[in-house]
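Biologist: I am new to this entry and would like to learn how to read it. Could we go through it feature by feature?

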Amino acid sequence: MTTLAPAVSAIAPEGNTRPIAVRCRQVTKNYGSGNSTVRALRGVDLDVFEGEMLMMVGPSGCGKTTLISVVAGVLDRDAGECSVFGKDFSALSGSERTRFRGQTIGFVFQSFNLIPTLTIAENVSVPLLLNGVGRSAALKKAKDMLAVVGLGDRVNEAPNRLSGGQQQRVAISRALVHDPKLIVCDEPTSALDHETGGRVMELLRSVAMSGNRSLIVVTHDNRIFNFADRIAHMDDGIVDKVVGSAKDLYGPNMAAK
Amino acid sequence: MIYYALKMLFGDKARYLGILVGVAFAALLITQQGAIFVGLMERTYSFVADTPQPDLWVVDPDLQHHSDSKPLVGQKLFRVRGVQGVEWATPMFKSFTKMRLPSGERRGCIVVGVDDNTLVGAPQSIDSRNGLDLRKADAVLVDRADIEKKLAVRTPDGGTRPLQIGDVLELNDRRAVVAGTFSINPSFFWDPVIYTTYSRAISYSPQERKQLSFILVKVKPGQDIATVAARIESATGLKAYTESGFKWLTASYILEKTGILVNFGIAVLLGFGVGTAVAGQTFYNFTLDNLRHFGALKALGTPNKTLLAMVLTQALVVGLIGYGLGVGGAAAFGALIGGTSLAFSLPWQLLVITGVAILGISIFAAALSIRKVLYLEPGVVFRG
Ligand SMILES: Nc1ncnc2c1ncn2[C@@H]1O[C@H](COP(=O)(O)OP(=O)(O)O)[C@@H](O)[C@H]1O
Ligand SMILES: [Mg+2]
């Protein structure tokens, strides 16, 4: 690799005044035990600012999914510190954690994870119901949200009647409908073709980035790198580099795309 | 979320039908076999049910069932009448005897003799030209259900005709005239039953020293039946059963002496076992199919108690529908065989028992699955 522009630090520099959404320090996570232990995270330092889209890149198996699972509170870390808007998941009880997650975090999965027997509006209404909104109000709000992503005329259809890109738009609606402050997306475009993936990213950028919301997008799809505010590169269980743009990571040839 | 849980259940047609079939099968088999069993049991004591007038049946302490022959000495009747709290006491005689039909065939039958004066103990539904026909000379009553079958009369042309009022029978070589017919509940016991008066029944039976089968007792109004029964027992050394006690004496004897309980028990357990296995397994598979959806719901912030309620609702609703189908099927079966001689009785208690069994199956199925959901790591949603 050629010498690149100096990497932006993974953690906010001293004297930083930008509000921090996610703060990780020396986070470790092992899977299994004994000889078969996999050291998935080996001391991750990372800050995610409010209002930014941070992309997480790196070779397969380097720990990206594990890291966002810890950040999103669906997986317990082994050691280190990790807080989301000042709250540490491991200091919360099981039900507090569930509630905090339901209020604060929106999820977009690679495989959409929509419930096939519910209509898309019903799927989108789930986070609202979990936050105590009544069913008819939740459905109405879900339909409004679907209209924003261009699916307003298909609200009563089953998810599998929709194309992959449309299903991911439904998933994005579900992630946004209850107005969470942090969205985590794991490979949101890798089940989609290039063009559709690009449109999904545009949608995330335009709709999801409103307010002061933060997005963490795990991807290995280099064609979407230019949507990012910062790119965190992971390797072998640590964040080894955080850069401002794709060309800082891979050089001008890559970023030219 | 509960509504969505039901949509998840009904939306998965194949699994839903699979679970439903398991539950409905169990409910059907338990109810249907149970109803046949109850029907047969009711037939064992139908004689007691057909004799509703007395509060107590006073019998020999060693009597094992209502068709057992352990006659009492006649003076016991007067001893019973003298017991405090007894309104009235009448004799009843019941015996096997030989019968000869008008066309000459011989067969066995049961002759029941009721009190000559009061006719207490006679069947409730008598069809004769005159209710008092039993008092005419040599009069006997026959079972309407028997006149075309067990008591059919052979005609010279080789056919048969029903036994009719006015036909003359021989009972133990003595003349008996059919004075009417009666209806009673179908009985577990095979031989035709003939009612007549007490004194005539004795003459229609082989001579015996003791000629009193039961003493039928009515307790004075306001008196406690159990107390009077105890008084009778201590005064006479006999045993005094209430109607339900006497029914149970017979039913329990049949249960003990035949394999009937075991047979039906096996059928019912089989229904329960197969239903539990099929419904439990299919429901478990249904939950496994939906595990990644439950995982997603969990990640999105669904509390465990909501997930528990969702799974439990799914199990209970499919259980309820399966119960309805199974019990409905059993009732339809009962209606279908209603006109035949097959035993079938569907008391509400049986519906409760089936309901409890199905509830057990549903809870078992839910319990099998709920562990999977509760211990599910929400992180699975991020994995392929
Ligand atoms: N549940 C698990 N059990 C055991 N090992 C796991 C599990 N999940 C992930 N791993 C391992 O942890 C490492 C990091 O995985 P992951 O975070 O999924 O990486 P990435 O998302 O960057 O491809 C890999 O070596 C992977 O095989
Ligand atoms: Mg991954």
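Biologist: Which chains have residues that surround ligand 1?

Modeller: A site is read by listing the residues around the ligand and noting their chains. This is a predicted model. Here the residues come from chains A and B, so the site is shared between chains. The shell includes A:Y31, A:V38, A:P59, A:G63 and A:T65, together with B:R383.

Biologist: What kinds of residue make up the shell around ligand 1?

Modeller: The shell divides into 5 nonpolar, 5 polar and 2 charged residues.

Biologist: Where does an oxygen atom of ligand 1 lie 2.5 Å from a polar side-chain atom?

Modeller: For polar contacts, look for pairs of N or O atoms within 3.5 Å. The side-chain case is at A:T66, where a polar atom lies 2.5 Å from an oxygen atom of ligand 1. Backbone atoms also take part. A backbone N or O atom of A:K64 is 2.9 Å from an oxygen atom of the ligand, and for a polar backbone atom of A:C62 the distance to a ligand oxygen is 3.3 Å. As for cover, ligand 1 taken alone exposes 560 Å², and the protein buries 65% of that.

Biologist: Let us turn to a single residue. Is B:S205 buried or exposed?

Modeller: Burial is read from the relative accessible area, and under 20% counts as buried. B:S205 has a value of 2%, so this residue is buried. In chain B, B:S205 sits in the loop between α5 (198–203) and β11 (214–219).

Biologist: Which residues is B:S205 in contact with, leaving aside neighbours within four places in sequence?

Modeller: With those neighbours set aside, the contacts of B:S205 are B:F93, B:S95, B:T97, B:V111 and B:N172.

Biologist: How many disulfides does a search of the whole structure find?

Modeller: A disulfide is a covalent bond between the sulfur atoms of two cysteines. Over all chains, the search finds 0.

Biologist: Is A:C185 buried or exposed?

Modeller: A:C185 is buried, with a relative accessible area of 0%. In chain B, B:C109 is buried with a value of 0%.

Technical notes. Residues are numbered from 1 along each chain as its sequence is written. Chains are lettered from A and ligands numbered from 1 in the order in which they are written. This is a predicted model: local features need pLDDT of at least 70, side-chain atom pairs count only at pLDDT 80 or more; totals for chains, interfaces and linings use all residues. Side-chain values use heavy atoms; hydrogens and water are left out. A residue is near a molecule or strand if one of its heavy atoms lies within 4 Å of it. A polar contact is a pair of N or O atoms within 3.5 Å; within protein, one must be able to donate a hydrogen and the other to accept it, and residues adjacent in sequence count only if both atoms are side-chain atoms. Accessible areas come from the Shrake-Rupley method with a 1.4 Å probe; for residues, only the protein chains shown count as cover. Ala, Val, Leu, Ile, Met, Phe, Trp, Tyr, Cys and Pro count as nonpolar, Asp, Glu, Lys and Arg as charged, and the others, Gly among them, as polar. Helices (H or I, at least four residues) and strands (E, at least two) are DSSP runs, numbered from the N terminus. Buried means under 20% relative accessible area, exposed over 50%, partly exposed in between (1.4 Å probe, protein chains only). Contact means heavy atoms within 4.5 Å. A disulfide is a pair of cysteine sulfur atoms within 2.5 Å.
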